[in-house]
Amino acid sequence: MDLSRRGFLQAAVLTAAASGLTVACGDDSGSGGTKNGKNLTMWYWGGALSDKVVAEAKTHFSSKIKLTSASIGGDFKQKLTTTLAAGGSSVPDITGIKGEDIASFLPNADRFLDLNDLGFKKISSQYLEWKTKLAQTKDGKQIGFPIDIGPTALFYRADLFDKAGLPTDPAKVAAEAKTWDDYFALGSELKKALAGTFLVNNISSVFNIVVGQGTKRFIDENNHFIGDQDHIRAAWTTAIRPYTLGLDAKINDNTWNAAIGKNLTTELGAAWHALDIESAAPGTKGKWRVCATPGGPANQGGSYLALPKQCRNPEEAFKIISWILSPDNNAKSFTDAAIFPASPASYAMDAMTGPDAFFGGQKIIEVFGPAAEAIPVSYEAPADSAVMAPFMAELSSIEAKGKKPDDAWKDAVSQAKQIARRQGVS
């Protein structure tokens with residue numbers, strides 16, 4: 001397993017127990033009916049929202065609205081797509097959309113309400129512009145309200161760095177690992193001093209971050225395939241480096257949970273990955289630190305709330321999602337569920353600025369906050385995830401089967417081009 005909340009990397013299935021699951025819309029009419037319903041339903045998946053904040057929202061709006069929330073397990077995108085296509089009363093009034101899926105919903109933006117018509121434009125300045133734009137059509141229709149983001153950082157074992165005679169202070173480690181070459185050189189020093197340890201869990205994780213550090217991905221804004229160009233080849237070459245240097249643990253299965261507390265000296269990941277590490281290796285409390293990502297920040301994950309066109313009370317539904325995702329409540333969500341806000345004002349609030357005991361008392365917001373505001377903007381096409389998949393699979397083949405990197409690259413590009421053509425990409 002790559003990481004527990006990286007379903008978009010390995011197509012891992014997120015499961016969550018349904019709590020008050022209600023997919024029917026009660027007595028209020030759906031599409032074509034009244035738009036002042038008092039019973040509203042909301043779909044999301046486990047970990048997408050703070051359950052505590054959702055519970056508070058139900059109480060806060062109880063005088064006007066009965067809000068029924070449902071935590072949907074399995075393939076959320078597929079269930080939502082099927083439900084939207086079927087239409088009628090089964091469509092939720094409010095729904096989550098995963099960040100890796102938002103681009104694929106934009107061509108069907110007419111299935112959702114334009115949040116700008118409901119007041120989002122007036123409050124949009126409270127949220128990171130790059131995140132907001134990812135849920136916006138070319139003609140300016142806003143279908144998604146940002147829930148969270150995933151600014152990346154380098155997590156590292158300060159105790160192991162100290163044992164290897166290397167700096168342990170976050171600022172000093174960031175300086176030592178400023179570039180990818182610096183980071184791999186640091187890894188070689190660690191491996192020499194600490195036999196049996198590894199710098200990265202797998203090379204797919206490196207590739208994903210390097211791609212995210214750029215301003216171009218696999219498809220350009222004119223719907224042309226560019227996954228064979230220099231920027232992707234450079235990301236591929238960077239990802240291969242830890243493999244050739246013997247710094248790659250080659251973990252692509254459930255052994256990550258055991259390795260994270262033993263022989264991994266660093267982890268590359270988003271803010272939410274802090275909770276993964278803490279959950280998998282509680283015995284390492286106080287031994288981890290966080291510093292800036294080699295090569296600069298990237299984003300991994302982060303989702304949205306949207307209102308399908310069948311929403312029975314758009315005005316009240318918008319008030320609900322605006323309240324749940326207000327800067328104040330976003331800060332609470334970070335404390336409760338490690339959901340990193342898309343609202344910069346949250347970063348200065350007490351809930352986010354305190355020391356983190358798991359990370360040795362470090363104030364990790366001092367790393368993630370600046371990273372969040374410096375993430376580069378890149379165009380993500382509806383077919384981006386599908387076209388990226390062969391590259392991830394071929395990187396895994398290098399690790400699992402010893403496939404030659406050049407052969408894997410050629411096969412990845414060939415497969416990606418085929419997928420692109422089937423998706424209507426030229």
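This is a predicted model: local features need pLDDT of at least 70, side-chain atom pairs count only at pLDDT 80 or more; totals for chains, interfaces and linings use all residues.
Trainee: Which residues of α11 make the contact with α9?

Mentor: On the α9 side, the contact is made by Trp180, Asp181 and Phe184. The residues of this contact, taken over both helices, divide into 3 nonpolar, 1 polar and 2 charged. From α11 the contact is made by Thr238, Arg241 and Pro242.

Trainee: Which helix gives the most to the lining of the second largest pocket?

Mentor: This pocket holds about 400 Å³ of space, and among its 22 lining residues the closest to its centre are Glu278, Phe334, Thr335, Asp356 and Ile364. The lining divides into 15 nonpolar, 2 polar and 5 charged residues. At least two lining residues each come from α13 (273-280), α15 (327-337), α16 (350-353) and α17 (365-373). The helix that gives the most, with 4 residues, is α15.

Trainee: Which strands stand at the edges of the open sheet?

Mentor: The sheet has 5 strands in the order β2-β1-β3-β8-β4, with mixed pairing. Each edge strand has a single partner, so one side of it is left without a neighbour in the sheet, and these strands are β2 (66-71) and β4 (145-146).

Trainee: What is the bridge partner of Gly96 in β8?

Mentor: Strand β3 (residues 94-97) runs antiparallel to β8 (residues 304-306), and 3 bridges join them. In β8, the partner of Gly96 is Leu305.

Technical notes:
Residues are numbered from 1 along each chain as its sequence is written. Side-chain values use heavy atoms; hydrogens and water are left out. Contact means heavy atoms within 4.5 Å. Ala, Val, Leu, Ile, Met, Phe, Trp, Tyr, Cys and Pro count as nonpolar, Asp, Glu, Lys and Arg as charged, and the others, Gly among them, as polar. On a 1 Å grid over the protein atoms alone, a cavity is a set of points where a 1.4 Å probe fits but cannot get out, and a pocket is an open set with protein on both sides within 12 Å along at least five of seven lines; lining residues have an atom within 4 Å of a point. Grid points are joined across faces, edges and corners, and a volume is the space filled by probe spheres set on the points. Two strands pair if DSSP finds at least two bridges between them.
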